[in-house]
Amino acid sequence: MCIRDRYMGKNSPIERSSKMRVSQFQRVIETKRKAGRDPRFDELSGNLKPESFYKAYAFLDEQKEKEITQLQKELNKKKKRLDQEEISYIKEQIGSIKTDLKKKSGLNREFDIKRELKQKTKNQFHLKKGVVKDKVLEKQFEELDKSGKLNKFLQQKKKQQGRVMLHRSKKLVNDKGRDI
């Protein structure tokens, strides 16, 4: 009998002591485990088509709009009685729901444009992201022009870009002074 076979370590016993407690997580009896399936990666679920997914769950957008109106009514009724924290909480909820709806409308606009372009080209080639993005912007500008909000939107964009350029120029000035 070799020493290596007898001992696991210098001071360890040959057999496990019977006085040691068995851990809670030790499997004494082997049972068959159900393997979990993740539908995102499973072939049985099929390929994800975002257009059909958003179409199937379009009712959630309607529910969110109803929730916004309900929260606004609640805010108007209880504005005098509620303390400032509750008012700010309700306003945050309304804002987050509105941003979600804006994102969804942008995605819907993108799906519509992709569908139109595929019909025009009769699926001859894959659409590039840049082309789709340009078309989405064109459609957004048309919608803003119809509603009369285009000038305000362009002013806000100009202001944002000015802030970004100012921040970048300050960063460049600060970096030039450092020795790297």
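Biologist: First up, in which helix is the place of Phe59?

Modeller: Phe59 sits in helix α3, residues 59–78. Helices here are DSSP runs of H or I with at least four residues, strands are runs of E with at least two, and both are numbered from the N terminus. Mind that this is a predicted model: local features need pLDDT of at least 70, side-chain atom pairs count only at pLDDT 80 or more, and totals for chains, interfaces and linings use all residues. Numbering starts from 1 along each chain as its sequence is written, and side-chain values use heavy atoms, with hydrogens and water left out.

Biologist: Why does Phe59 count as partly exposed?

Modeller: Buried means under 20% relative accessible area, exposed means over 50%, and partly exposed is in between (1.4 Å probe, protein chains only). Phe59 has 41% relative accessibility, so partly exposed is the label.

Biologist: Which residues form the nonpolar patch on the surface?

Modeller: Leu48, Phe53, Tyr57, Phe59 and Leu60, with about 510 Å² of accessible area together. Patch members need over 30% relative accessible area and no salt bridge; nonpolar side chains (Val, Leu, Ile, Met, Phe, Trp, Tyr) are joined within 5 Å, like charges within 9 Å. A salt bridge would be a side-chain nitrogen of Lys or Arg within 4 Å of a carboxyl oxygen of Asp or Glu. The areas are Shrake-Rupley values with a 1.4 Å probe, and for residues only the protein chains shown count as cover.

Biologist: What makes up the largest nonpolar core?

Modeller: Nine residues: Ile68, Leu71, Leu75, Leu82, Ile87, Ile90, Ile94, Ile97 and Leu101. The term covers buried Ala, Val, Leu, Ile, Met, Phe, Trp, Tyr and Cys joined through side-chain atoms within 4.5 Å.

Biologist: What is Leu71 in contact with, leaving aside neighbours within four places in sequence?

Modeller: Ile90, Gln93, Ile94 and Ile97. There's also a second, separate core of five residues, including Leu117, Leu127, Val132 and Val136.

Biologist: How many helices and strands does the protein come to?

Modeller: Six helices and zero strands. Of the 180 residues, 12% count as buried.

How values were computed:
Contact = heavy atoms within 4.5 Å.
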